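Hi everyone, and thanks for coming. Let me put the molecule up on the screen, and then we can walk through it together.

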Amino acid sequence: MPRCRWLSLLLLTIPLTLVVGKNPHKDEKGVLRKLQPTKASDANVRQCLWFAMQEYNRESEDKYVFLVVRTLQAQLQVTNRLEYLIDVEIARSDCRKPLSSNDICAIQENSKLKKKLSCNFLVGALPWNGEFTVMEKKCEDA
């Protein structure tokens with residue numbers, strides 16, 4: 001009988017151990033280094049911004065390509081990847097989609113077509129693997 005009692009106790013504690021031992025924050029990303037300013041001229045920042053603009057123009061329903069007018073700030077956070085938060089001002093260009101490799105684009109000067117936006121891009125990058133992901137994108141009229 002004592003053996004049966006121990007076995008019952010053991011069987012009751014296994015599910016309890018599994019529930020208590022589960023890490024509720026397992027799916028949260030661990031921040032190794034919080035957001036810190038970085039130079040907009042940094043090669044990784046430029047690469048991430050190029051990628052973000054490719055995605056923006058691909059997803060945009062506008063008939064014209066948008067270009068970066070200026071980079072307002074760039075910040076870097078390190079998690080399981082490099083995460084760049086980049087604030088930029090973009091504007092509609094005079095180039096129509098799709099853009100060919102030999103097109104030279106300028107910012108739209110026609111007052112009816114002129115449009116500027118202020119955008120925040122959060123880009124996750126593993127640049128050494130050539131992997132980039134736009135994690136967040138927010139644009140509003142400037």
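This is a predicted model: local features need pLDDT of at least 70, side-chain atom pairs count only at pLDDT 80 or more; totals for chains, interfaces and linings use all residues.

Residues are numbered from 1 along each chain as its sequence is written, and side-chain values use heavy atoms, with hydrogens and water left out.

Strand β4 covers residues 116–126, strand β5 covers residues 131–141, and the two pair in the antiparallel sense over ten bridges. A word on terms: helices (H or I, at least four residues) and strands (E, at least two) are DSSP runs, numbered from the N terminus. Two strands pair if DSSP finds at least two bridges between them. Further along, L126 stands opposite E131 in β5. β4 and β5 make a hairpin with four residues between them, and G130 in the turn has a positive phi of about 70°.

Let's zoom out. In what order do the strands of the open sheet run? There are five of them, in the order β1-β2-β3-β4-β5, and the pairing is antiparallel. The edge strands are β1 (33–38) and β5, each of which pairs on one side only. From one strand to the next, the twist averages 30°; axes here are lines fitted to C-alpha atoms, for helices over the stretch in contact, and angles run from 0 to 180 degrees between N-to-C directions.

On to the aromatic rings. How many aromatic pairs does a search of the whole structure find? The search finds two. Rings of Phe, Tyr and Trp (its six-membered ring) pair if their centres lie within 6.5 Å; planes under 30 degrees apart count as stacked, over 60 as edge-to-face and the rest as tilted. Take Y56 and F66: their ring centres are 5.7 Å apart and their planes are at 80°, so this pair is edge-to-face. The pair links distant parts of the chain, with Y56 in helix α2 (residues 43–59) and F66 in strand β2 (residues 64–78), ten residues apart. Both Y56 and F66 are buried, where buried means under 20% relative accessible area, exposed over 50%, and partly exposed in between (1.4 Å probe, protein chains only).

Finally, the disulfides. A disulfide here is a pair of cysteine sulfur atoms within 2.5 Å, and by this rule the count comes to two. One joins C95 and C105, with the sulfur atoms 2.0 Å apart. This link of C95 and C105 is left-handed, with -110° about the S-S bond. C95 sits in strand β3 (residues 82–96) and C105 in the loop between β3 and β4, ten residues apart. C95 is buried at 7% relative accessible area, while C105 is partly exposed at 22%.

The other disulfide joins C119 to C139, S to S 2.0 Å. With 120° about the S-S bond, the link of C119 and C139 is right-handed. Is C119 buried or exposed? At 0% relative accessibility, C119 counts as buried, whereas C139, at 29%, counts as partly exposed. Counting bonded cysteines along the chain, the pattern is 1-2, 3-4.
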